[in-house]
Amino acid sequence: MPGLARVIKCLVWDLDGTLWAGVQAEGDAPAPRPDVLALMDELRQRGIVQSVASRNDPGAGARLLALPALAGRFVAPQIGWQPKDVSLRRIAGELNIGLDALAFVDDSPFERAAVAAVLPEVLVLAPPDLPALLARPEFAGGPGTAEAAARPRLYQEEAARRAAERDFAGDRQRFLESCAMVLEVRPAQPADLPRIDELVARTNQLNSTGYRYPAADIARRVADPAGYLVPVARLRDRFGAYGLIGAALVDRQGAPGPWLVELLMLSCRVEGRGIPAALLRLLLGLAAAAGVPALDALYRPNPQNRQMALLLRALGFRATGRPGPADPAATGATVYRRGTAPPLPPYPAWLTLDVQGFAREAL
Amino acid sequence: MTGSEDWRAVVRRLLAAVLDRPAAALAALPDDTPLFGPELNLDSFSGMVLLVAIERDYGCDLAADDLGLESLETIGTLAAYLRGASARPPAPG
């Protein structure tokens, strides 16, 4: 995938021989390698979560992960007799991230080769690779944001949501209504910039162009409210707060021309809740309120972001066949357009909107 | 399968599965029912599930072949697209 820098979001650990020396004999308390624990702490600071794929007795494994040195460190750990590629698939599914966002470290050449053969997308590592890990670009993480530091908690809240969804036995609409979701949208503030930059670096499926804007380009737009509209979205529900999960860059292009959505991006953690549609619908409402007759949006296809093309179509945008402006951010992109005359599409019924700092008539 | 009638049935069957609706409810909708309209309420997420199902069952990567997703207008336009795609030989490689 040219142009898409790889970002590791979760490092999956083998236990015996990797997290500690040798094979854990029954009854002994294992001693996790101090260098490994320090590495985990640093990765966590960078927003990279840790999980476990271990072939072991599930009960014994649960006791190991409850050890004081390890408790609370892992999300969606998989301990059982299943092949490790099955465990890795489950972890990616639980976290709702791509397999290419997983790295896997194991001391067994057999396990490494088995995973590499079945799941070529996964970055496979041996313990000797660990000391150099922090210097690798895939593990750079984002800047230290509140969302990055809270990521293990966010993934645990997501596990609670998934458990609650199973209780609704497939009635997704009723489940979504029961979540009491509130979408808060505000104009971006300078304090939001590190998290916006992190979304620029990390989002794939729900990113309309995949262009990785330099931080200075984002900061310039946020500092120019007359030229650009940069809304940021935060989501909360009865399980907790997701934090800042989405943003858009909208070029007003001077009156009265259509506004241009240069970028719409959302964290894949909010997938399947109508949040991208709500944010795009809000942009249509803001454009309509400002007397702008049409809203344009850039879309550049890549193998991961087809959902964004579907989103544009679902809200009534149509490909114009025209290329975007002569700008590196728009290279290879096409312009989608929708008029802003009423009726605009409805907001998802299960969502409460909390929108401030924009034109009041937008809603 | 060559008749467009059959592909209309295929599209209705896929939609019934993706949207978790009874087949009879889909059979009652006319061919010009918009996919993203109020009757079907397909959204970007369920639309993605539909594309994945089409690729899995019919080997047709619609989003790659139809960049503007023009075929995703109505039940009828999607059926016509799939009928055309099934008549074309697979791309080399």
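How are H8(A) and H9(A) oriented to each other? In this predicted model, helix H8 of chain A spans residues 193–202 and helix H9 of chain A spans residues 215–222. They pack at an angle of about 130°. Angles over 145 degrees would count as roughly antiparallel, and 65 to 115 as roughly perpendicular. H8(A) and H9(A) are therefore oblique to each other.

The crossing of H8(A) over H9(A) is right-handed. On the H8(A) side, the contact uses A:Leu193, A:Ile196, A:Asp197 and A:Val200. H9(A) supplies A:Ala215, A:Ile218, A:Ala219 and A:Val222. Seven of these residues are nonpolar, one is charged and none is polar.

| Pair in chain A | Quantity | Value |
|---|---|---|
| H8(A) and H9(A) | Distance between axes | 10 Å |
| Domain 1 and domain 2 | Distance between C-alpha centres | 36 Å |

Chain A is split into two domains: domain 1 covers 10–139, and domain 2 covers 180–362.

Now the contact with chain B. Chain A gives 15 residues and chain B gives 14 residues. Which elements give two or more residues to the side of chain A that touches chain B? They are helix H10 (275–289) and helix H11 (306–314) of chain A. H11(A) provides the largest share, seven residues. By class, this side of chain A has eight nonpolar, four polar and three charged residues.

Notes:
Residues numbered from 1 in each chain as written. Chains lettered and ligands numbered in written order. Predicted model: local features only at pLDDT ≥ 70, side-chain atom pairs only at ≥ 80, totals over all residues. Axes fitted to C-alpha atoms, helices over the stretch in contact; angles between N-to-C directions. Helix = DSSP H or I, 4+ residues; strand = E, 2+ residues; numbered from the N terminus. Parallel < 35°, antiparallel > 145°, perpendicular 65-115°, else oblique. Left-handed = near helix turned anticlockwise from the far one by under 90°. Contact = placed C-beta atoms within 7 Å. Nonpolar A, V, L, I, M, F, W, Y, C, P; charged D, E, K, R; others polar. Domains from an automatic or database assignment.
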